[in-house]
Each structure stands twice: as structure tokens, then as C-alpha cells.
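Hello,

Here is the structure I promised to pass on to you. Please have a look, and my notes follow just below.

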Amino acid sequence: MITLKIPYKSSDEFQTFLKGLRREYSCLVRYSYNRLKDGVSEKDIRTLHKQLKNVDNIDAWDRQTSIMEAKQILNKHLDSKVIFGGRKNNIKYLKGLISKEDYKNNRILPLIIIGEKANYGNRKFKLDLLNNKIIYKYSRKKHFELTIPELKGSYKQLYKLQECHKTYSIKLTDTKSTA
């Protein structure tokens, strides 16, 4: 697997929207992790997700992705305790070195959208590298343009992704996208 970190520029509207999506997604990952740890099946977790009240903007595909990410975290840390946001962040908060707001912001995970070959590599993203754009298709009617810098060096591998429609996943943070 190849990982590329690509800085992007977007509208303030998108950044606000993304922060809300990432917050909801993080809640689902933590919730799914705890249910998986308790031995609840994946199918039951999907049903339980629908009952949660604070995750209105997350669709079924993102919910499934949150379960897959929770599974990865659980498999990676079978014997150790997981502290979402990191141990250092938790210690700083407990010592009073950072505020509750900073603590919560540091716990927000990147939004991960896993791709699939049937949907040209990724159902929610369209690579428009000739115009230095990546288009995030949140819904059928709501699309956001992410402007990326001119691609040089190892970033040129993205052109191959655009041409041959291989599966790719994207992680969205505040200022960088990882493909």
C-alpha cells in the first residue's frame, strides 16, 4: 500500500462541515470498538448505530467504515488498553495542562472513506488531477471541491489511480488528505 499526504485548500463551509463529520465518525468508531470488545456482532452494531441520536450526518457506508476501523484498532491492540486521542493527551488533560475543548479536539479521528473497485476506485471521491482538484461527493446533491497543489514527484502515482480505477481509500483531516 502506498500512502501519500496531500495538502488541500477548501472553503470554510467545508471545514466546518468536515469537523462535524469527523466528530460523529469518531463517536461511531469508539462506540463500535467498545461493542466489538464486548463481543457484539457486526450486524448488531449496524442496528445499534441507527439508534444513536448524535450521528445524523453519517451515511451507511461511513458507518460500515467506522466498524472496519474499530476492528483494526481492536486487532492491533488485543492485549493493551486503548485510549482514543492518545495517552499523552489524556495525561495533559488530567494534569490540567489543556482545556476540555482541546482534549476533545485532539480525540477527533480523521474521516476515512474506503474505496471499492465497482465505483471507479472510491464512491465518494472523484480525482480531477488535470484541474488540481479532488471532488468529495458527500451526497448526490452536495459536492465539495478540494484544491490540491500541482502534483510532482511521487504524487504522480495518483494519475495512475485516476486512469485505471484501482481501489483507494482517503483519510480527511483539517488540512491534509491521505490517499
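Helices α1 and α3 pack with their axes 8 Å apart, at an angle of about 55°. That makes α1 oblique to α3, as angles under 35 degrees count as roughly parallel, over 145 as roughly antiparallel, 65 to 115 as roughly perpendicular and the rest as oblique. Axes here are lines fitted to C-alpha atoms, for helices over the stretch in contact, with angles from 0 to 180 degrees between N-to-C directions. Helices (H or I, at least four residues) and strands (E, at least two) are DSSP runs, numbered from the N terminus.

Helix α2 (residues 42–51) comes next: its axis and that of α1 come within 11 Å and cross at roughly 140°. That makes α1 oblique to α2, and α1 passes α2 in a right-handed crossing. The axes of α2 and α3 (residues 60–76) come within 10 Å, crossing at roughly 130°. These two are therefore oblique to each other, and α2 passes α3 in a right-handed crossing.

On confidence, the protein averages a pLDDT (the predictor's confidence in each residue, from 0 to 100) of 87, and 95% of the residues score at least 70. Helix α1 (residues 12–37) has the highest confidence, at 93, and strand β7 (residues 176–178) the lowest, at a mean of 56.

A word on reading the numbers: residues are numbered from 1 along each chain as its sequence is written, and side-chain values use heavy atoms, with hydrogens and water left out. As the model is predicted, local features need pLDDT of at least 70 and side-chain atom pairs count only at pLDDT 80 or more, while totals for chains, interfaces and linings use all residues.

Best wishes

Terms used. A crossing is left-handed if the near helix is turned anticlockwise from the far one by less than a right angle, and right-handed if clockwise.
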